[in-house]
Amino acid sequence: MYWTLELASKLEDAPWPATKEELIDYAIRSGAPLEVVENLKEIEDEDEIYECMEDLWPDYPSKEDFFFQEDEY
């Protein structure tokens, strides 16, 4: 299983929290690339509830990672 920002972005509007099956259904209905569906199918824990993309991809960058903060410069 591999995630990229482009693939992960296809699940931004998913109905979080969601199960594996709900996420697969959402990905198919929303026309996400096949790679997204394949990644979701590789998840081993069938009964877990996922709260957000970080539950699927722990290294998923947050929006704060992309914004320049003046006080950081």
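**Close-ups of a predicted model**

Arg 29 counts as exposed, with 59% relative accessibility (exposed is over 50% relative accessible area, buried is under 20%, and partly exposed is in between, using a 1.4 Å probe and protein chains only). A quick note on the source: this is a predicted model, where local features need pLDDT of at least 70 and side-chain atom pairs count only at pLDDT 80 or more, while totals for chains, interfaces and linings use all residues. Residues are numbered from 1 along each chain as its sequence is written, and side-chain values use heavy atoms, with hydrogens and water left out.

**View 1. The protein chain runs α-β-α-α-β-α along the sequence.** That pattern comes from 4 helices and 2 strands. Helices (H or I, at least four residues) and strands (E, at least two) are DSSP runs, numbered from the N terminus. Of the 73 residues in the chain, 33% are buried.

**View 2. Asp 25 and Arg 29 pair up in a salt bridge.** Their side chains meet at 2.8 Å, N to O, and the structure holds 1 salt bridge. The term asks for a side-chain nitrogen of Lys or Arg within 4 Å of a carboxyl oxygen of Asp or Glu. Side chains of opposite charge can pair when their charged atoms come close. Both residues sit in helix α2, 4 residues apart, so about one helical turn separates them. Asp 25 is partly exposed at 37% relative accessible area.

**View 3. The largest nonpolar core has 20 residues.** Trp 3, Leu 11, Val 36, Leu 40, Met 53 and Leu 56 touch the most other members. The elements giving two or more residues to this core are α1 (5-9), α2 (20-29), α3 (34-41) and α4, and α2 gives the most, with 4 residues. A nonpolar core here is a set of buried Ala, Val, Leu, Ile, Met, Phe, Trp, Tyr and Cys residues joined through side-chain atoms within 4.5 Å.

**View 4. A patch of negative charge gathers on the surface.** Its residues are Glu 44, Asp 45, Asp 47, Glu 48, Glu 51, Glu 54 and Asp 55. For a charge patch, residues need over 30% relative accessible area and no salt bridge, and like charges are joined within 9 Å. Asp and Glu count as negative, with the charge placed at CG of Asp or CD of Glu. Glu 51 lies in the loop between β2 (49-50) and α4 (53-56).

**View 5. Glu 44 is found in the loop between α3 and β2.** Glu 44 counts as exposed at 75% relative accessibility. Its C-alpha atom is 9.1 Å from that of Lys 20, 24 residues apart along the chain.

Key:
Patches are made of residues with over 30% relative accessible area and no salt bridge: like charges are joined within 9 Å, nonpolar side chains (Val, Leu, Ile, Met, Phe, Trp, Tyr) within 5 Å. Accessible areas come from the Shrake-Rupley method with a 1.4 Å probe; for residues, only the protein chains shown count as cover.
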